Amino acid sequence: MIDTALARLEGWLIVLFLWLMVIFAFMQVLLRGLYTHGHFQWANSLMGLMDWSEPMVRLLVLWLTFLGASLITGENKHIKIDLFSTFLPQKWQIVRELVLSLACVIVTSIMLRVSISYIQLEMEFGGNTFLGLPSWIGQLILPIGFALISFRFLLRTIENGLQIARGREV
Amino acid sequence: MILALIILLILLVLLGLPLFVGLIAASMLGLYVNRVEFSAIPIEIFRLANAPVLLAIPLFTFAGYLLSEGGTATRLIRFSKSVFGWVPGGLGVMALASCAFFTAITGATGVTIIALGGLLLPALISEQYDEDFSLGLMTTSGSLGLHFPPSLPIILYGFVSGVSIERLFVAGLLPGSLMVGILCLYSIYKGKKWGLARPRFSAIEFYSALKGAIWEIPIPIIIIALIYSGLSTATETAALTVAYVLIIKVFVFRELNITQDLPMIMKESVKMVGGVMIILGAALGFTNYLVDAFIPMKILKMMEGIIGSKIGFLLTLNVFLILVGCMMDIFSAILVVVPLIVPLASRFGIDPIHLGVIFIANLGIGYNTPPVGLNLFIASSRFDRPMVRLYRATLPFLLLLLLTLLFITYWPALSLFLPSLLTH
């Protein structure tokens, strides 16, 4: 339930961020082209007014990366070396899934903790990025992203564990 | 203790641990041994937000996904059929050309086999092409055209190795054409041998197919012209391409609806981007550790003792990369292997641009290599044929590509001639 609601929210954010990225990246190229090849002075001043959009678009790359990675975690479609999924007998598949998702929970939760302390440090000593925003706002996606990803891996672990437990009873 | 953890991690990765988790865990182990704070990892991941080059990846991916929806594939196929139809084996040539274009814009992600395979395979078989030939052709074409702009693997290679992306694209032009060309010749040879029907070239059909695809044919030409002329960087070209594709798909053809289709396509392309770029972030952390711990230097020392000559190094590299290519997808392979290989290669006097061309060619071929090449899996599920059948069907194509690989690897001028003409 929470998972579907989260996925919907992530979907909305993805659409919003990708639109922003496309529009501002295009406007930057357009203005730069107008100025360098058409020598329009107004294009240059407009570019000056929009100087915040370049770091914003670059930051959106990172935010979209984590949102996309979180969504494919839910769908279990992360890139992996796929040697055994076809060769292993059915009975062992589920055990394998459990072990793997458990390992993922451990690693991504450590990353969650590490990125929280990274943000705390940045809140104290970090500078500003575009539009006078403090830089830790942009970096917030690291803890948010790892929280989402480890939450999804945790759900998967529980699901796999339950499946094995039920299998034993039968 | 640490050794046990390293072995456990390798086992888990081979069992199918998501690669980004494996890479993060590996950097954690390394940092732990060197007694460095783990906060080095988020700092490296955050570098994803500081590289203008990387913006090209989500933009080109989105453009590719937009193009794979709606009627673009059908229109392009009709057009290339009207151009190549009269050549013996022309339908095969046309299939190879269309697939190379699609793979260049979507990367070797299986999109080509999935989006074009369903149209091209029945077309080939209905024109009396041998079924094994058609299957082999469609499977191989899933990783053909990776050298052409705006190929994402090239952009990633440039980013990781620090080589100019624009120069890499120029360098890949001849080797990429050689790979596509040799398969086209094979198709022509087969077409002649089987005495297939050759429709006459029809000016009327050509004209009407051209009119149908008039908005889409310029896309690869514009991308290539912009990048090769140095008029705009890869990233700027990506921004222009997306805007152009959006406009023609939404307003000219009215195939895609802004409120319904676009959000879905956006989500799909961001998922693909997320899957690749999260590995990139994790790989940046891992590479940082490797460099700090002088690992490439250590490997270099070790290899120098075993491999003496440039030829020996290249040969080992070819075999190694094909093995990597058949186990990993091309993006992760570049991210994991390039930082290790680049210092080695420069020690043996190999130009980093030539190395990039070899890399992409090798990994693309690895996609078709039994038993676990990725193209074989995708084609097996898309065309509903057993894997063993596809092993046999792709074999002649695989051998031809290996032949071109030899040319590409041992004839550096093929890759380096065009970039040497560039002045900027």
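Contact here means heavy atoms within 4.5 Å. This is a predicted model: local features need pLDDT of at least 70, side-chain atom pairs count only at pLDDT 80 or more, and totals for chains, interfaces and linings use all residues. Residues are numbered from 1 along each chain as its sequence is written, chains are lettered from A and ligands numbered from 1 in the order in which they are written, and side-chain values use heavy atoms, with hydrogens and water left out.

**Chain A**

Start with confidence. The predictor's confidence in each residue is pLDDT, from 0 to 100. Chain A has a mean pLDDT of 88. In chain A, 96% of residues reach 70 or more. Helices (H or I, at least four residues) and strands (E, at least two) are DSSP runs, numbered from the N terminus. Confidence in chain A is lowest in helix α2 (residues 41-49), with a mean of 84. Helix α3 (residues 53-74) of chain A has the highest, at 93. Where pLDDT is low, the predicted coordinates should not be read in detail.

Now one residue. R152(A) lies in helix α6 (residues 141-169) of chain A. Neighbours within four places in sequence aside, R152(A) contacts D3(A), L6(A), A7(A), E10(A), S70(A), L71(A), T73(A) and G74(A).

**Chain B**

Chain B has 21 helices and 0 strands. Its radius of gyration is 22 Å, close to the 22 Å that the globule rule gives for 424 residues, so chain B is as compact as a globular protein of that length. That radius is taken over C-alpha atoms, and the rule is 2.2 Å times the number of residues to the power 0.38. Along the principal axes, the C-alpha atoms of chain B fill a box of roughly 70 × 50 × 50 Å.

Buried means under 20% relative accessible area, exposed over 50%, and partly exposed in between (1.4 Å probe, protein chains only). By that count, 59% of the 424 residues of chain B are buried. Among chain B contacts between residues at least 6 apart in sequence, 80% join residues at least 24 apart.

L31(B) sits in helix α2 (residues 19-33) of chain B. Leaving out residues up to four places away in sequence, L31(B) touches V36(B), E37(B), F38(B), A40(B), I41(B) and Y289(B). L31(B) and S381(B) are 350 residues apart in sequence and 41 Å apart in space, C-alpha to C-alpha.

| Residue | Relative accessibility | Class |
|---|---|---|
| R152(A) | 5% relative accessibility | buried |
| L31(B) | 6% relative accessibility | buried |
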